[in-house]
There are 2 protein chains.
Amino acid sequence: MIILVLNCGSSSVKYKLFDMSKQEVMAQGGVEKLGLPGSFLKFTLPSGEKVVLEKELPEHNVAIQFILSTLTDNKYGCLKSLNEIDAVGHRVVHGGEKFSSSVRITNEVIGKVVECIDLAPLHNPPNLKGIRAMDAIIPGIPQVAVFDTAFHQTMPDYAYMYGLPYSLYKKYGIRRYGFHGTSHRFVSQRACDVLGVPYEKQRIITAHIGNGGSITAIKDGKSIDTTMGLTPVEGLLMGTRCGDVDAGALSFIMDKEGLNAAGLSDLINKQSGVMGLSSISSDMREIEAAIEDGDKKAILTMNVYNYRIKKYIGAYAAALGGLDLLIFTGGVGENQWSTRTAVCRDMEFMGIKLDEAKNDHMRGQEMIISTPDSKVTVMVVPTDEELTIAKDTLEILSKE
Amino acid sequence: MIILVLNCGSSSVKYKLFDMSKQEVMAQGGVEKLGLPGSFLKFTLPSGEKVVLEKELPEHNVAIQFILSTLTDNKYGCLKSLNEIDAVGHRVVHGGEKFSSSVRITNEVIGKVVECIDLAPLHNPPNLKGIRAMDAIIPGIPQVAVFDTAFHQTMPDYAYMYGLPYSLYKKYGIRRYGFHGTSHRFVSQRACDVLGVPYEKQRIITAHIGNGGSITAIKDGKSIDTTMGLTPVEGLLMGTRCGDVDAGALSFIMDKEGLNAAGLSDLINKQSGVMGLSSISSDMREIEAAIEDGDKKAILTMNVYNYRIKKYIGAYAAALGGLDLLIFTGGVGENQWSTRTAVCRDMEFMGIKLDEAKNDHMRGQEMIISTPDSKVTVMVVPTDEELTIAKDTLEILSKE
Ligand SMILES: Nc1ncnc2c1ncn2[C@@H]1O[C@H](COP(=O)(O)OP(=O)(O)O)[C@@H](O)[C@H]1O
Ligand SMILES: Nc1ncnc2c1ncn2[C@@H]1O[C@H](COP(=O)(O)OP(=O)(O)O)[C@@H](O)[C@H]1O
């Protein structure tokens, strides 16, 4: 079974082609600057060599057509014909309250994803474009939608309702949905597999920390709370998003700076977070470098960054009634070991004992980083959202 | 030493007169509907009898003059002359970064409180009116300012900085300040006195839960974090304030509902919280009553209310590196035992074991409510902000 995984953003299309018989990646790459001057397709050959092909790519369907043509290309391709692709798995950002698991895409499903556009106006439309483009290029090909929000649909109402007028929930669906669900699900299941413990009987906290970041509390295999909310702004300090902030501070700033709703949205999404606080960069590697040079704002930013993660681990341990398993993933979670150290420091009261020798300088490996006598097992598990999408696609099709 | 404590709000003036030699309340009451039709003064006589005197009270100085006249009144008074009052202690809401403790009021202090008006435009101006009125009525009387924010000035920068552009902190002082400081300080010190443990060596969480509510983490006698922020909107679910909410949800709502900054401020301050979510009332007693009748939104509201408190206790235990002492205070914290039960349930992993027999139905008493073998001592300590203000006033004047 050969499965193509597509992640269509507003100006990018990422893809990975899997041979599921061997769970192997056959091809991967992506289009960038879609619809903009200088658009190009970049992909990695099996040799590891990177290829960049510049081309005017005004629309998603053109971009996808171009990707597919390289897959069957004499020089770069790994397929003889597009008919070898058995199915397509799509990342879809927002499934609202309509989807609590991955689904085979039908007209009805498309209708529901359209209804969720309001909740993710920048993300769901390109996701839909990808679905329609594939159906036009290979008519009738089986397609599956895997939602960022689906895993979190098990949250109890007291975890997802905001302290806002109930009427706003009824009218617009304003509540916590959460994102990164595919990653939280993958790393938590993977950790249980590796440890040989039953997924349905664990109290797990997963910290997916990358450019965007979220933490999830998982009880008996179900998400019971997560830091992102209606939008991906809430929770941790992120690259350019502010995370948790006093709502009263926002109306204060709007008043002082003469901002409207769009101005506020720009402030909290694009000018805040690691970038806004440090005035250096949104990339944690550059913050680490600035700390080496003794930059005070970089030190402050790192401390805020780590402290928020630590507080959520405490909060979610309380929500779970104690913790069995703590998992770090995402670009920062997998690589930035100093954050793992800072987060786990002085957490013995709740059973966390980090093995500093194992953790220090460890990057990007699947590894247990707690001491043997730590009540809580702490692990790094590199995430693989595309493989999870491919597996979901395979599973749904094989059930039919 | 006789000390008058004044709490001047925009449309109210509350007072308590203390005889500090015996730490006794000599008189107490307050003006309501100040500047509005139907304004009146209400006070309690030593017998417990309540007296209401209606009178047109257009301004703070008129209201204070009226209060003082009843203190020396033949029928209602307890003083022969106003000269018996040795000093006045004022509650002042916002001291910004300028005040980290209570201070004797001088012209310089008044100037700094004026500079903080921007941060508390509804609160600092009436506080200042009270100070000026007293100085006009009893010229030269020693006055002391006790700030809601002062106790929290010990927070480390990583706890008080938001993930917003650093320039907004420089320009407007946008950061977490916290409130209820007088209460958090009083109940935490009181608990240590009662228990005979050193205040400077405890890890304490104080939950001040009333119509407004905040939770504070206190390490070695110093506030290291608190749930309220630049404004009293952040943190817990409150009577009509939303507490924590996704910033992205706010710009979403503004866009949909066509709100400007003032509309947002009204929504998050006055239409949200317990009232907004339940559609019943902002008063927790009415929520409890509605739960008796099986009202689903009341049950949801109570669950959200309790869950937020629980999460912050977990978060702050992580910030403190473990917990020694958990204190409940405020109207709900002292009386609503079901909230204390819900918050402490399944918290044994961090050393909390509630003595349900002691806690159940216990209202308004100073009491240890954890079991003897609980690692964390859990207490109810009724708060007394006015006494704390009077004590601070006494202490500052006796040092001079
Ligand atoms: N080796 C590394 N050391 C420290 N930080 C890293 C490393 N690799 C990636 N990161 C950080 O991870 C972040 C990007 O994470 P990623 O999970 O790729 O983000 P996204 O949310 O966009 O998927 C960046 O801040 C980057 O600096
Ligand atoms: N006996 C009681 N049982 C339950 N709740 C109570 C009781 N007494 C007061 N409360 C609640 O306490 C809240 C008011 O608390 P309080 O500390 O007086 O508020 P404020 O923040 O205005 O000082 C209200 O929600 C009220 O219902």
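Q: How many salt bridges are there between chain B and chain A?
A: This is a predicted model, where local features need pLDDT of at least 70, side-chain atom pairs count only at pLDDT 80 or more, and totals for chains, interfaces and linings use all residues. Side-chain values use heavy atoms, with hydrogens and water left out. A salt bridge here is a side-chain nitrogen of Lys or Arg within 4 Å of a carboxyl oxygen of Asp or Glu. Between chain B and chain A, that count comes to six.

Q: Which residue of chain B forms a salt bridge with E257(A)?
A: Look for the pair whose closest N and O atoms are 2.8 Å apart. The partner of E257(A) there is K171(B).

Q: How much area do chain B and chain A bury between them?
A: Buried area is the accessible area (1.4 Å probe) that two parts lose on being put together, summed over both. Carbon and sulfur atoms carry 70% of it here. The total for chain B and chain A is about 5900 Å².

Q: Which helix gives the largest share of the shell around ligand 1?
A: Helices are DSSP runs (H or I, at least four residues), numbered from the N terminus. In chain A, α10 (284-292) and α12 (330-335) each supply at least two shell residues. With four residues, the largest share comes from α12(A).

Q: How far is an oxygen atom of ligand 1 from a polar backbone atom of N211(A)?
A: N211(A) is among the residues that come nearest to ligand 1. An oxygen atom of the ligand and a polar backbone atom of N211(A) are separated by 2.9 Å.

Notes. Residues numbered from 1 in each chain as written. Chains lettered and ligands numbered in written order. Near = heavy atom within 4 Å. Polar contact = N/O pair within 3.5 Å; in protein donor to acceptor, adjacent residues only side chain to side chain.
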